[in-house]
Amino acid sequence: MKYLDEFQNPELARRLLDDIRATATRPWALMEVCGGQTHTIIRHGIDQLLPKEVELIHGPGCPVCVTPLAVIDKALDIAARPEVIFCSFGDMLRVPGTDRDLFRVRSEGGDVRVVYSPLDAVKIAQQNPHREVVFFGIGFETTAPPNAMAVHQARKLGLENFSMLVSHVRVPPAIEAIMTSPSCRVQGFLAAGHVCSVMGTAEYPELADRFGVPIVVTGFEPLDILEGIRRTVRQLERGEHTVDNAYPRAVRTEGNPAARAMLADVFEVADRAWRGIGTIPASGWRLAERYRDHDAEHRFSVEGIATREPAACRSGEVLQGLIKPNECQAFGTTCTPRNPLGATMVSSEGACAAYYLYRRLGVTPTPLEATPVV
């Protein structure tokens, strides 16, 4: 297949759905890890087309959504300082902190700039040698390599005015945390293809064996999702639990060696807090000691910040797959994209944003009532 349209072919989608219906003989609960996959599923009505035996649980794979409130509040504190130029991708500007967001900081006079690459922030630091330039580095394994490259490049250029506020998280420890939760219902995973394109699949076989769950590396188009579901259900029905790469056009077993080498040089594995979930051991990265001078959290000594989550927001339960977004009483009423209570309603990969954007405002219809885009 050479063209994107081929991965949205209705006839091929029907064939895959027929195969899934013919294969599934008992209830199975699968989790798509990535928020990008969630948006594809909701946009195209894939969850509504599946047989009743197959349930999709939305996972915590939205990097904006799992960035802890404490880190957001630290970003707001740093961005408000007059000596700082604060650079971020656009999807972070509307994420609510305890009492404001980056848009509010900018309206109050903070120099907050949207950039499209962390190297843009490095260039701004070169152009403004008398200002402190801070880049907000968040994300999973997908965005970590370019962020690592930005720090590496800043050090190479001798830019003492460049630093990064880091909140990077890793997928495999999150899968382990999900599977060890007392409330876990997940029986199989659709792993995020773009993460595996960087890191490869070496960390997944041990998880599949230990927890007895199939892990299928899956892409992001409708046919990718359906093929990932088909392979996962087939394994479950056969009593198998292996790692299966259903995204070979982008993913190799070894991942991207150059990207992994850059990560190993700039970052070191650390415990990380996940918003709505809590601290997961070894689930993130921080700057390695040799790059610590570029760590904004150390440079600005942001301490003693008191955080407060909105009482009505149930985004933590959404991120853990315990509820669907439209099961939250605040969803679509007191919590909307214009006035969000949590990051899951703001992010382009947030489950709440997907449900709101594609009008899943009430009770999810049955497959017979669905009107899919596919």
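User: Why is Asp265 called partly exposed?

Analyst: The relative accessibility of Asp265 is 26%. Buried means under 20% relative accessible area, exposed over 50%, and partly exposed in between, with a 1.4 Å probe and protein chains only. Asp265 therefore counts as partly exposed. The model is predicted, so local features need pLDDT of at least 70 and side-chain atom pairs count only at pLDDT 80 or more, while totals for chains, interfaces and linings use all residues. Residues are numbered from 1 along each chain as its sequence is written, and side-chain values use heavy atoms, leaving out hydrogens and water.

User: Which residues does Asp265 touch, and what makes that a contact?

Analyst: Contact means heavy atoms within 4.5 Å. Not counting residues up to four places away in sequence, Asp265 touches His152, Ala288, Arg290 and Tyr291. Asp265 and Trp285 are 20 residues apart in sequence and 12 Å apart in space, C-alpha to C-alpha.

User: Where is Asp265 found, and how do you know that the buried residues of H13 line one face?

Analyst: Asp265 is found in helix H13; helices (H or I, at least four residues) and strands (E, at least two) are DSSP runs, numbered from the N terminus. In H13, residues 257-266, the buried residues are Ala259, Met262, Leu263 and Val266. Seen down the helix axis, they fall within an arc of 100°, so they line one face of H13; the arc is that of the directions from the helix axis to the C-beta atoms. An α-helix has 3.6 residues a turn, so residues three or four places apart point the same way. On the other side of H13, Pro257 and Ala264 are exposed. The buried residues of H13 pack against helices H8 (144-157) and H10 (193-199) and strands E10 (267-274) and E11 (278-287).

User: What makes the buried residues of H7 line one face?

Analyst: The buried residues of helix H7 (residues 118-127) are Pro118, Ala121, Val122, Ile124 and Ala125. Their arc, seen down the axis of H7, is within 160°, so they line one face of the helix. What covers them includes strands E3 (84-88), E4 (111-114), E5 (132-139) and E6 (162-169), together with H8.

User: Why are E1 and E2 called paired strands?

Analyst: Two strands pair if DSSP finds at least two bridges between them. Strand E1 (residues 28-34) is joined to E2 by 6 bridges, and the two run parallel; they therefore pair. Met31 stands opposite Ile57 in E2. E2 (residues 54-61) is mostly covered, with 7 of its 8 residues buried.

User: What makes a space a cavity, and how many are there?

Analyst: On a 1 Å grid over the protein atoms alone, a cavity is a set of points where a 1.4 Å probe fits but cannot get out, and lining residues have an atom within 4 Å of a point. Grid points are joined across faces, edges and corners, and a volume is the space filled by probe spheres set on the points. By this rule there are 2 cavities of 30 Å³ or more. Of its 15 lining residues, Cys313, Cys328, Cys335, Thr344 and Cys352 are the closest to its centre.

User: What lines the second largest cavity?

Analyst: The second largest cavity holds about 60 Å³ of space. Of its 13 lining residues, Gly59, Cys62, Glu349, Gly350 and Ala351 lie nearest its centre. E2 gives the most to this lining, with 3 residues.

Key. 1 Å grid on protein atoms, 1.4 Å probe; cavity = no way out; pocket = protein on both sides within 12 Å on 5 of 7 lines; lining within 4 Å.
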